[in-house]
Amino acid sequence: MKLNAVELRRIAIPLVAPFRTSFGTQTKRDILLVRVETPEADGWGECVALSEPVYSSEYVEGAAHVIREHLVPRLFEAGSLSAARVAPVLEPVRGHRMAKAAVEAAILDAELRASGVSLAAHLGAVREAVDAGVSVGIMSAIPELLDAVSSYLDAGYRRIKLKIEPGWDVAPIQAVRERFGDDLALQVDANTAYTLADARHLAKLDPFDLLLIEQPLPEDDLAGHAALARMISTPVCLDESIESARDAAAAISMGACSIVNVKPGRVGGYLEARRIHDVCAAHGVPVWCGGMLETGIGRAANVALAALPNFTLPGDTSASDRYFHQDVTEPFVLEDGRVRVPDGPGIGVTPIAAVLEQFTTSTELLGPGRP
Ligand code: SMG
Ligand code: MG
């Protein structure tokens with residue numbers, strides 16, 4: 001496949017409500033979209049980097065820079081491309097996995113659209129719809145949290161994830177358990193907010209029978225997670241720590257996690273995400289699909305991934321209206337607590353031009369001739 005041009009488009013979309021985590025509050029989403037033009041088809045990719053480097057070291061402006069200056073020139077120099085060649089061609093560039101993932105996703109989408117194959121079929125999906133979970137931010141008070149959880153359950157969500165941090169953990173979890181009962185599928189995400197010194201405190205979550213605790217300790221502390229996993233009964237799940245299939249294999253063999261959150265952007269793309277799925281399956285470790293407040297473009301691809309066999313826990317694969325009044329594609333909606341897996345070619349959804357224009361803050365077109 002020949003790459004004719006690459007468009008970088010920045011969009012800004014307001015969130016339906018502020019989303020607070022242990023590292024900050026999001027009130028709008030500033031997103032970099034990548035569109036590739038090939039003779040056969042265009043393809044779309046969404047970069048999951050946030051506007052500030054607070055979830056990981058990547059951020060939108062940095063991703064746009066590295067794509068423009070370091071990734072796209074290498075792709076043009078490579079001549080004929082396939083999605084499978086993108087990672088090897090970009091391998092000399094260290095890190096920048098979210099930027100690489102967006103580019104690979106766009107090329108994969110173009111390739112699959114050209115051959116009429118859906119991303120779900122290409123990845124090996126075994127489900128036509130996936131269970132939808134929802135991630136619930138830190139609130140200023142427990143009654144507010146209970147109202148939020150209650151309305152998500154009314155909407156049909158099949159699993160609740162509560163964001164936690166020191167000072168917002170045992171009491172809100174206890175309140176949610178007491179109000180909604182033992183059958184509620186409930187898990188928590190700390191986004192690295194604790195240290196191993198908090199192990200005894202985190203053990204206070206044991207009685208609440210959580211599905212998992214996600215990324216309690218800093219991303220580079222695999223040994224700490226392994227030690228913590230021996231001290232608490234809640235299963236430890238890793239998010240930020242896992243940037244590759246090799247990381248997943250290492251974490252599993254050290255006993256640092258027994259469940260993995262797979263986010264394609266964090267690991268450099270959907271192809272590496274599938275390898276993580278496979279490594280985890282081989283070890284009997286279940287995985288689930290994480291989210292980065294994606295528009296329909298990234299959400300479509302995530303939902304395709306979540307349809308693979310070892311994605312046995314509900315993901316952060318919510319409906320579009322969890323975050324946006326207006327999505328840039330046709331919205332993903334809940335149907336009996338599930339989201340349907342697109343079955344059209346490529347990611348199976350296409351941005352609505354007028355909506356995209358409305359949210360666009362800048363565009364640039366990169367071609368092979370550019371110095
Ligand atoms: O897309 O529903 C979503 C977001 C889910 O909680 C979520 N993501 O650490 O898993 C995580 C966070 C990272 C983004 S927080 C701004
Ligand atoms: Mg997380």
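Which of the 20 residues around ligand 1 come nearest? Select Ser-135, Lys-163, Asn-191, Leu-293 and Tyr-323, and you have them; a residue counts as near a molecule if one of its heavy atoms lies within 4 Å of it.

A word before we go on: this is a predicted model, where local features need pLDDT of at least 70, side-chain atom pairs count only at pLDDT 80 or more, and totals for chains, interfaces and linings use all residues. Residues are numbered from 1 along each chain as its sequence is written, ligands are numbered from 1 in the order in which they are written, and side-chain values use heavy atoms, leaving out hydrogens and water.

**Stop 1: ligand 1.** Show Lys-263, where a polar side-chain atom lies 3.0 Å from an oxygen atom of ligand 1. Then pick Leu-293: one of its backbone N or O atoms is 2.8 Å from an oxygen atom of the ligand. The protein covers 100% of the 440 Å² of accessible area that ligand 1 has on its own (Shrake-Rupley method, 1.4 Å probe).

**Stop 2: the magnesium ion.** Now select ligand 2. Its protein donors (N, O and S atoms within 2.8 Å of the metal, or 3.2 Å for Na, K and Ca) are Asp-189 (OD), Glu-214 (OE) and Asp-239 (OD), at 2.1 to 2.3 Å. Along the sequence, these donor residues follow the spacing D-x24-E-x24-D.

**Stop 3: two aspartates.** Colour Asp-189 and Asp-239; both are buried (under 20% relative accessible area, with a 1.4 Å probe and protein chains only). Asp-239 also has a polar side-chain atom 3.1 Å from an oxygen atom of ligand 1.

Definitions and conventions
Buried < 20%, exposed > 50% of the residue type's maximum accessible area, 1.4 Å probe, protein only. Polar contact = N/O pair within 3.5 Å; in protein donor to acceptor, adjacent residues only side chain to side chain.
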